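Have a look at the model first.

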Amino acid sequence: MLVVGFGKLGQAIVSALHNHGVEEVKVYNRTVSKAAEVAGVAVVKPEQFSYENQVIIALPAHVYEPFFLKYAKAFPEDCQFFYTATNLDFNDVSALLTKQQRATSVKLLGHAYTLERAGTFVVSTEEDRRLFSSVTSGAFSTIVNTESSVRMANTIVTTETLRAIVSIEQQLKAKHFDEQMIERAIKSMIPGIVEAHVTDTHGGFARSIMERWENENDGK
C-alpha cells in the first residue's frame with residue numbers, strides 16, 4: 001500500500017499505521033526530503049507506481065487533477081485508490097482515472113491532528129469499509145455513510161468551532177488578557193471541554209454553567 005501526500009493528513013495516516021504494527025509505510029511526496037526524514041517510511045518514486053495496487057490519496061482537493069493527469073496511467077489498471085478529499089466526490093475522482101482503476105471514498109470525519117485518537121473515516125459501503133480496514137491493518141475507526149453527510153458535518157462543525165474560537169479570542173482581548181494566556185487557554189481548555197462533553201464527564205464548574213443555561217431557558 002502507498003500513501004500519496006505527506007501533509008498533516010498523510011503524516012497522521014502513517015503514524016497510525018506505524019502504531020498498529022505496520023513497520024514500513026510507502027510514501028510518495030513531491031518534497032522527497034520531508035518523508036525521507038521519518039523512520040519507517042519508504043520513499044516511492046513515480047517510476048515505481050506501476051507496482052502499487054492500493055493507494056491512499058492524502059492530497060488537498062486542488063492537487064488531485066494535476067496529480068492524476070500526470071500519473072494515473074503510471075499505476076496499474078486494477079489499482080484501487082482510496083481518496084480523502086472532502087470536497088471531491090466519486091464522479092470527480094473517477095473522471096481522473098483510467099477505465100479499470102477504481103476510486104473509493106474514505107472521508108475523514110474529524111481533524112488530522114486527532115485522527116488516531118478520535119477521528120473516523122467514513123466509507124460509502126460496508127464492502128469498501130471492510131476492504132479499507134483490511135488494507136490499513138485496522139488502524140482506523142470506520143463507519144458507513146454518504147459522502148455528502150461527511151461534507152455537511154465537517155462544514156457545520158468547522159464553521160461553528162471557528163466562530164466560537166474567534167468569539168472567545170475577542171472576549172478575552174476585550175478583558176485585556178495577554179496573547180500568551182489567550183493562546184494557552186484556548187489550546188488547553190477547548191479540547192478538554194469537548195472531550196468531557198462527549199463523554200458526559202463535565203466537572204462541577206462546567207455543569208454549573210449548563211444548569212444556569214437550563215434554568216434560564218425554563219424561565220422563558
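Contact here means heavy atoms within 4.5 Å. This is a predicted model, where local features need pLDDT of at least 70, side-chain atom pairs count only at pLDDT 80 or more, and totals for chains, interfaces and linings use all residues. Residues are numbered from 1 along each chain as its sequence is written, and side-chain values use heavy atoms, with hydrogens and water left out.

**Asparagine 154**
- Asparagine 154 sits in helix α7 and touches Thr86, Leu108, Leu109 and Gly110, leaving aside residues up to four places away in sequence.
- With a relative accessible area of 13%, asparagine 154 is buried (buried means under 20% relative accessible area, exposed over 50%, partly exposed in between, with a 1.4 Å probe and protein chains only).

**Aromatic pairs**
- The whole structure has 16 aromatic pairs (rings of Phe, Tyr and Trp, the last by its six-membered ring, pair if their centres lie within 6.5 Å; planes under 30 degrees apart count as stacked, over 60 as edge-to-face and the rest as tilted).
- Phenylalanine 68 and phenylalanine 81 pair edge-to-face, at 5.1 Å centre to centre and 90° between the planes, and both are buried.
- Phenylalanine 121 and phenylalanine 132 have ring centres 5.3 Å apart and planes at 75°, so they are edge-to-face too.
- Phenylalanine 121 is buried at 1% relative accessible area, and phenylalanine 132 is buried at 1% relative accessibility.
- Ring pairs join Tyr28, Phe49, Tyr64, Phe67, Phe68, Tyr71, Phe75 and Phe81 into a cluster.

Technical notes
Helix = DSSP H or I, 4+ residues; strand = E, 2+ residues; numbered from the N terminus.
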